[in-house]
Number of protein chains: 2
Amino acid sequence: MSAPARNVVPFVSVDNMMRLIHAIGVDAFLAGLGAYLEEDFRRWEVFDKTPRLASHSRNGVIELMPTSDGTLYGFKYVNGHPRNAAQGLQTVAAFGLLADVGSGYPMLLTEMTMLTALRTAATSAMAARYLARPDARVMAIIGNGAQAEFQAIAFQALLGVDRLRLYDIDRTASIKCARNLDERGLDIMICDSTQQCVTGADIITTVTASKQRAVILSDNMVGAGAHINGVGGDCPGKTELQRELLLRADIFVEHLPQTRIEGEIQQLPADYPATELWRVLAGAAPGRTSAGQITLFDSVGFAIEDFSALRYVRDQLTPAFYEELDLLADPDDPRDLFGMLMRAAPTAAGA
Amino acid sequence: MSAPARNVVPFVSVDNMMRLIHAIGVDAFLAGLGAYLEEDFRRWEVFDKTPRLASHSRNGVIELMPTSDGTLYGFKYVNGHPRNAAQGLQTVAAFGLLADVGSGYPMLLTEMTMLTALRTAATSAMAARYLARPDARVMAIIGNGAQAEFQAIAFQALLGVDRLRLYDIDRTASIKCARNLDERGLDIMICDSTQQCVTGADIITTVTASKQRAVILSDNMVGAGAHINGVGGDCPGKTELQRELLLRADIFVEHLPQTRIEGEIQQLPADYPATELWRVLAGAAPGRTSAGQITLFDSVGFAIEDFSALRYVRDQLTPAFYEELDLLADPDDPRDLFGMLMRAAPTAAGA
């Protein structure tokens with residue numbers, strides 16, 4: 001994008017984000033986002049890895065997730081309020097900001113509810129390219145809420161998945177999901193149980209909203225060679241996979257110190273081996289090494305993924321897709337903020 | 001303010017903030033803000049006191065400053081880039097957000113460069129009401145940059161200061177400051193040295209942009225009974241006051257763990273006594289106890305002050321002073337984010 005004046009910040013609304021996604025094309029957007037994610041995972045070591053700053057309350061959590069590569073700074077505001085759904089509100093809403101490290105000035109403010117859904121799916125698909133069997137074509141999705149379709153199309157677009165098996169404790173969610181994917185040319189089956197759903201699946205995505213330690217997927221359900229894409233277990237006390245299943249799998253994570261607390265591996269000892277995914281992308285560690293291996297991407301979401309998404313959006317933006325926000329006071333003389341205020345007084349009586 | 005729809009977030013631009021300040025009146029705005037600050041300082045113990053999350057770089061720092069009282073959540077984004085001034089940019093630019101803890105939904109997004117200048121001045125004046133001599137009328141301001149006029153009018157409006165003595169190493173800054181305050185009915189003297197500036201002052205405000213450990217104010221300059229309002233020393237390695245002067249003063253701070261690192265008292269042992277200001281307001285500790293005492297408010301700025309400012313602005317807002325931002329995706333069915341995206345597709349070819 002061309003640079004607007006320093007005192008205005010380009011703002012991408014939900015409406016403009018959706019227009020941008022459609023202008024690029026959903027599949028191309030996921031592929032482009034995936035390329036930015038790969039680039040940032042490969043240079044993982046240059047990033048600040050501050051823990052997310054969480055404010056917990058009875059109903060949920062509000063988090064700030066910042067990071068920086070030394071040139072750009074990004075952060076995401078995101079909430080997680082499971083009870084919101086009962087009131088017709090999103091359980092997760094997010095927005096984000098990209099700023100210039102050199103001057104501290106914000107460069108982009110954007111909705112990130114839609115963008116997070118896409119970056120989560122693109123991250124899952126990126127991991128699966130290194131961890132699933134190359135011939136994987138059948139994906140089970142357990143939990144058919146807001147993230148399910150994004151996972152499906154990312155795996156279709158980026159891995160060539162062509163058969164989908166859906167299961168949700170609420171069948172209407174599976175029906176919604178299948179209907180939304182109707183024109184994607186996927187062979188879709190709605191299942192009556194987790195067991196039925198995972199049977200014959202090469203890739204198993206768990207993305208339920210369960211808040212407690214749940215066993216969405218038990219050890220006996222998963223056969224040799226499967227790749228498990230664990231997306232739903234993403235905070236302390238929230239897991240989806242049976243402990244015994246973890247012990248059979250080779251485990252890959254985003255940022256180990258965070259995943260030890262928030263991921264499936266919170267069920268395991270603190271020194272249990274797990275590989276940070278960026279090392280696989282950078283060639284420093286193997287991904288899948290055999291067809292019979294069970295791999296698990298224990299994904300909790302990390303600030304660097306949001307950074308990649310912010311960076312991608314910034315690079316795709318043209319003025320047609322943003323508004324200019326008058327967010328930053330910009331006095332002619334930086335020492336004269338008060339003079340700026342006084343000169344803004346109404347010409348009549350006023351102040 | 002009346003509640004707009006849940007998916008739009010009221011946004012107060014710099015222009016609207018200045019209009020709001022003038023509509024209320026600068027003095028009344030400072031007084032109203034001061035009342036909110038007092039209320040929040042008195043209930044200090046209910047707040048989250050997370051340390052600010054700072055991202056340091058060669059040129060400066062970008063910080064996120066969140067807090068919550070359990071009902072509302074607020075955070076401020078603020079940078080500090082001293083070299084910006086040379087390029088005609090603000091050294092400090094800020095914006096902030098207020099959110100509902102119960103749902104996690106943002107309720108207000110606002111510029112905070114202007115608002116921070118006012119809250120800093122209102123906080124200083126509030127502290128001085130408890131720490132300066134009741135008959136204090138003469139204020140010295142050392143450092144006549146962007147914050148100086150705000151300090152002057154807050155102390156005039158809230159404490160009855162009527163004589164001002166200005167000093168800056170750059171005399172044009174003092175001239176700018178005096179000119180901006182021309183119509184306020186203050187007796188203003190521009191001084192040639194710090195010594196001249198502080199002579200006869202009841203209140204000494206230090207608010208320079210010096211980045212190193214500097215001795216803006218030395219022990220021998222300050223007489224009995226003075227109140228020192230130390231605003232400029234606000235990060236590790238940045239101080240303004242001579243150590244010997246600190247040893248003669250009774251020291252009051254915002255949040256001790258933060259001030260130990262960022263304030264003037266970083267020059268003193270970690271167990272050196274200092275009183276958190278909220279305790280004085282809550283009646284749990286004395287403020288000034290004698291006319292001869294030297295008091296110091298070692299101010300570094302704390303997230304709760306921004307929270308008070310956000311809360312005050314929210315309560316003053318009418319639709320004339322905000323725009324509505326389409327920041328939050330709001331599908332009819334919270335589980336159907338993807339359907340919302342698909343329905344936004346252009347009706348012709350598009351995606």
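Start by selecting D48, T50, P66, T67, S68 and Y73 in chain A, plus L53, A54, S55 and L64 in chain B: these residues line the largest cavity of this predicted model. A cavity here is a set of points on a 1 Å grid over the protein atoms alone where a 1.4 Å probe fits but cannot get out, and lining residues have an atom within 4 Å of a point. About 60 Å³ of space lies inside the largest cavity, a volume being the space filled by probe spheres set on the points, with grid points joined across faces, edges and corners. Now colour by element: β3 (61-68) of chain A and β2 (53-56) of chain B give two or more residues to that lining. Strands are DSSP runs of E with at least two residues and helices runs of H or I with at least four, numbered from the N terminus. By class, the lining has 5 nonpolar, 4 polar and 1 charged residues; Ala, Val, Leu, Ile, Met, Phe, Trp, Tyr, Cys and Pro count as nonpolar, Asp, Glu, Lys and Arg as charged, and the others, Gly among them, as polar.

A bit of housekeeping: residues count from 1 along each chain as its sequence is written, and chains are lettered from A and ligands numbered from 1 in the order written. Because the model is predicted, local features need pLDDT of at least 70 and side-chain atom pairs pLDDT 80 or more, while totals for chains, interfaces and linings use all residues; side-chain values use heavy atoms, without hydrogens and water.

A rotation of 180° with 0.0 Å of shift along its axis superposes chain A on chain B, at RMSD 0.0 Å (least squares on the C-alpha atoms of residues with pLDDT of at least 70 in both). The two copies are thus related as by a two-fold rotation axis. In chain A, 100% of the interface residues are also interface residues in chain B, so the copies meet through the same surface.

Now show α1 (14-24) and α3 (113-131) of chain B, whose axes come within 9 Å and cross at roughly 40°. Axes are lines fitted to C-alpha atoms over the stretch in contact, with angles from 0 to 180 degrees between N-to-C directions. Select M17(B), M18(B) and I21(B), which meet M114(B), L115(B) and L118(B); contact means heavy atoms within 4.5 Å.

Last stop: α2 (26-42) and α4 (148-159) of chain B, with axes within 10 Å and crossing at roughly 75°. That makes α2(B) roughly perpendicular to α4(B).

Note on methods:
On a 1 Å grid over the protein atoms alone, a cavity is a set of points where a 1.4 Å probe fits but cannot get out, and a pocket is an open set with protein on both sides within 12 Å along at least five of seven lines; lining residues have an atom within 4 Å of a point. Angles under 35 degrees count as roughly parallel, over 145 as roughly antiparallel, 65 to 115 as roughly perpendicular and the rest as oblique.
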